[in-house]
Amino acid sequence: MITLTINDREVSVYGTATILEAAASVGIKIPTLCYFKGLDSFGGCRMCLVEIERVPRLQTACTVRVTEGMVVRTESEAITAARRAMLEFLLINHPLDCPVCDKAGECDLQDLVAIYGAHEGRFLEGKRTHPENFNDPFIVRNMDRCILCTRCTRMCDGPQGAYAIAVTGRGSHSFIEPFSGGRYNCEYCGNCLTVCPVGAIMSRLHRHSYRPWYVEREVETVCGFCGVGCTMVLQMRGGSIIRTMPYVGEGAVTGSYGSAGSAAPAQGLNKGLLCVRGRFGYDYLENNERLETPLIRKKGILEPVTWDEALSYVASGLKDVKAVHGAKSIGAIASGRCTNEDNYMLQKLMRFVIGTNNIDSSARFYYSPAQSYLERIFGHGVTANLIPGIANADGVLVAGGDPTAINPILGLQVRALWRKRGKIIVVGTPSGLRRFVNYEIKPHPYLEEAVLGAIVTRLAAKKGFRGENDNIEKYIKATAMPGEQLLKKANVSKEIVDQAAEDLAMMKSAVVIIGPELMERPGASKNLFLVSAIAYLTDARIFLLSERPNYQGVIDMGCAPDILPGGRPIEADVLQHKIKDADVADHKIPEHKIKDTAWTKAPVRKGLNLFAMIEAALEGNLKALYVMGENPVFNFPDRRKIENALSKVDFLIVHDIFMTETARRADVVLPAAAWTEKDGTFTNLERRLQRVRSGIPTMPGRGSVSYHRGGGADKRPEWKTLAGIGRLMGMKENYLTSSDVWEEVSRVSTLHAGLSYDRIAGGNTIWPYGSEPFRGVEGEFEVEAPGMPPAMDDGKIYLLQERQLYHSGSITRKSKALMSISCEAHVLLNAGFAERCGLKDGDKVIVTTETGSLTLPVKTDREIPENVAYVPNNFDNVSPLGIIGYTVDGYLGSISLSGNVVTITKADGPSDAAAGEGYGDKKE
């Protein structure tokens, strides 16, 4: 520690601190314009000038490090005069349009001029002008107001790693622009909006419609788009969100956010950053198509009814099905978009009220099978690693998807690792990391196994075995060395594989990031094992990408056919649900719960998973299905099969916020609350528990009530609706708030024992949350044909799902903001392949599989493999998954895409290159 004196106060800080940071640590505020916490110090605005004893000139507090015995003064006549002079220089060209500027009321320059002056300028020459720019969908640029603090460029080049803007021009003609001019070529994260201290870069969505004094309340919550769990702030007026901002903590331009007494870590795990979805995509919540009233199908038509009628109808319908066909004929689909409380209540309804373990979620596609498999290899909690730690590693292997698109803020940590000279090895084509790799490993899809196997065998030869895990070492030794011919077929050279193995062998602190695409291939267990082998040989931390905000919570709440809340297997049923006298005496359980609790044990027999429920429905054995926050008709593969299965279900209940493709087929449709409209918790991909807070006023004893868009719509959180159905079916418990539900979770789940909302709000509730994790599954795994090479590529074109940065499933098609930048589907083809076929960007083509076809415009990219066609699964009437079949991996239980070989023909007739044939046809 170093001790110095600031304004006659003794201050002790670490030696790496600057004077600015030291002063802030004791509440002494030094004005700044170019400084922003998290960005490299610049020292350009000169507003933070201070006097240092025995130093002849004023110094910038943001760049000077503290030294032992240093004496600093932050205010004096000389300092005030210098700051006034700097402001006078800034106002030479800055327009005096505060009354119409969107930044008025939260402008740092405006605030400092009010404190220091100057009240009039001495410079008579005319101000420079620069036309206002509206080329971008989310951002309006007014460079007349720019003070060249470079916060935005340092944000873009630093934490964001987009390198989209720079200072262009010289002298008084310097402006912040893209290198090419015109529209930004960027990811539209909007983080430049956070750091801009004036009105130079502003949001178009809030142009002339937002002022800080419009904000009635600010609510700290967690983003509901992906599994990172970024801390953010909802700025509310009435029941409407008028702006979302990252939680930026101390040193923010717009002040410190968060509820009183909040102990959230400064800036959250996202460190004051948001992606385009989190910052701009919230407007789907107020889309006019939101469901507001329960609907029951009467004479073939969905008719509005009251909540009481709807809940009674659902309860009686489920009772009737159970009475006639038994509990085993009823199933449920939980949601990775819903809170832990919602998912817990759904499994309670199924398991402890109805009496069936038939419950699962779309986490079954890849997330839960991958986690289960990894835990069988390495033990529980293997994926519970901290996202900010990625940047501190010395290397990372990414396989199976683009983290900058699936989990953007996690992807930024990978970029940060690169800036610290770490090695990034990517197996695949993550476009967001292209400029951050020294060499590319882009195998043809379905031949990743050859590349991964080659890396594993070379790495094992270099590193040897530690003897810590006999089973995985046995399978590594059995892995066949792919020959050069197979690598050539995969479009990867032996030299690149050797280099990757060499780089991995040199890593002392490695990270492995696994995405969903690795799990969608035939032989998924082999791919996952090979990546696990690399993690084992390098002793790497493992991260599993999560497309939904609460996939981990779905698992932890027991929304699976073979596990209970807390992740305990059905066979280890410790949930006896008996209230002990000690609990009552210690007041651990509220009095109103004691008299009503009537638990039963969970069914002993394992239930049906997602795929088994679909098959049971097709066979006529699944008679009732409760779908919460999911859209199987659009989001699951093989639409015809899914539609056929749902048509054979006698009683279909859909609980959602929009009239989805699945909801249109339901017998009952129940409106749901969105993540900004309810209190509860999410569990992110680190397995960190986080508080979700409602931005909508709540009435006691009811769900959240929304007053926007005409007001009065009852936005009940899902747990409240489910509890109402449960009580009508005989459940005794009564829940007034989400905290009542969570209190029960903390009692019945050994993993969550003793956790309260207050403790979770601290932001540091990381697995295993102080409890004893479940043990006893390590080493129990198998690998499909460990010594066999993969099947040879047959030269066909495969249709795959493109996971876009600008969308999150099908829900963001209701966001006007996100649709303004990505408004229609396309088929993404290799540019060289398209040129040979006579295709160019914008041409309409027909993409045909054995089960259906899509007509789409072409978009080209030279970086993707030639034997794939990528189509996003985000837009109305365009579902590539719908025309793809699937099988279930026998080792993992995950989904494997099949029937996705396509032909591509021009919509207006064949091209010259195609000679009338489909471009995907194999030519003999």
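Guide: What follows is a set of questions about terms, each answered from this structure.

Guide: This is a predicted model, in which local features need pLDDT of at least 70, side-chain atom pairs count only at pLDDT 80 or more, and totals for chains, interfaces and linings use all residues. Residues are numbered from 1 along each chain as its sequence is written, and side-chain values use heavy atoms, with hydrogens and water left out.

Visitor: What makes up the protein chain in terms of helices and strands?

Guide: The protein chain has 27 helices and 38 strands. Both are DSSP runs numbered from the N terminus: helices are H or I with at least four residues, strands are E with at least two.

Visitor: Why is Tyr188 called buried?

Guide: Buried means under 20% relative accessible area, exposed means over 50%, and partly exposed is in between, using a 1.4 Å probe and protein chains only. Tyr188 has a relative accessible area of 3%, so Tyr188 is buried. Buried residues make up 64% of the 924 residues in the protein chain.

Visitor: What makes helix α24 mostly covered?

Guide: In helix α24 (residues 738–748), nine of the 11 residues are buried. Among them are Trp742, Glu743 and Glu744.

Visitor: What makes a group of residues a nonpolar core?

Guide: A nonpolar core is a set of buried Ala, Val, Leu, Ile, Met, Phe, Trp, Tyr and Cys residues joined through side-chain atoms within 4.5 Å. The largest nonpolar core here has 140 residues, and Leu410, Ile476, Ile513, Ile514, Phe529 and Leu625 touch the most other members. Helix α16 (residues 524–538) gives the most to this core, with 10 residues. Apart from it lies another core, of 51 residues, including Val353, Met628, Ala723 and Trp767.

Visitor: Which residues is Ile513 in contact with, leaving aside its neighbours within four places in sequence?

Guide: Contact means heavy atoms within 4.5 Å. On that basis the partners of Ile513 include Ile390, Val396, Leu410, Val414, Phe543 and Leu545.

Visitor: Which residues of α9 and α16 meet?

Guide: In α9, Ala370, Tyr373, Leu374, Ile377 and Phe378 meet Ser525, Leu528, Phe529, Ser532 and Tyr536 of α16.

Visitor: What is noted about phi at Tyr188 and Asn491?

Guide: Most residues other than glycine have a negative phi, and most peptide bonds are trans. Tyr188 is not a glycine, yet has a positive phi of about 50°. Asn491, also not a glycine, has a positive phi of about 70°.

Visitor: Which peptide bond is cis, and where is Pro768?

Guide: The bond joining Trp767 and Pro768 is cis, with omega about 5°. Pro768 lies in the loop between β30 (765–766) and β31 (797–802).
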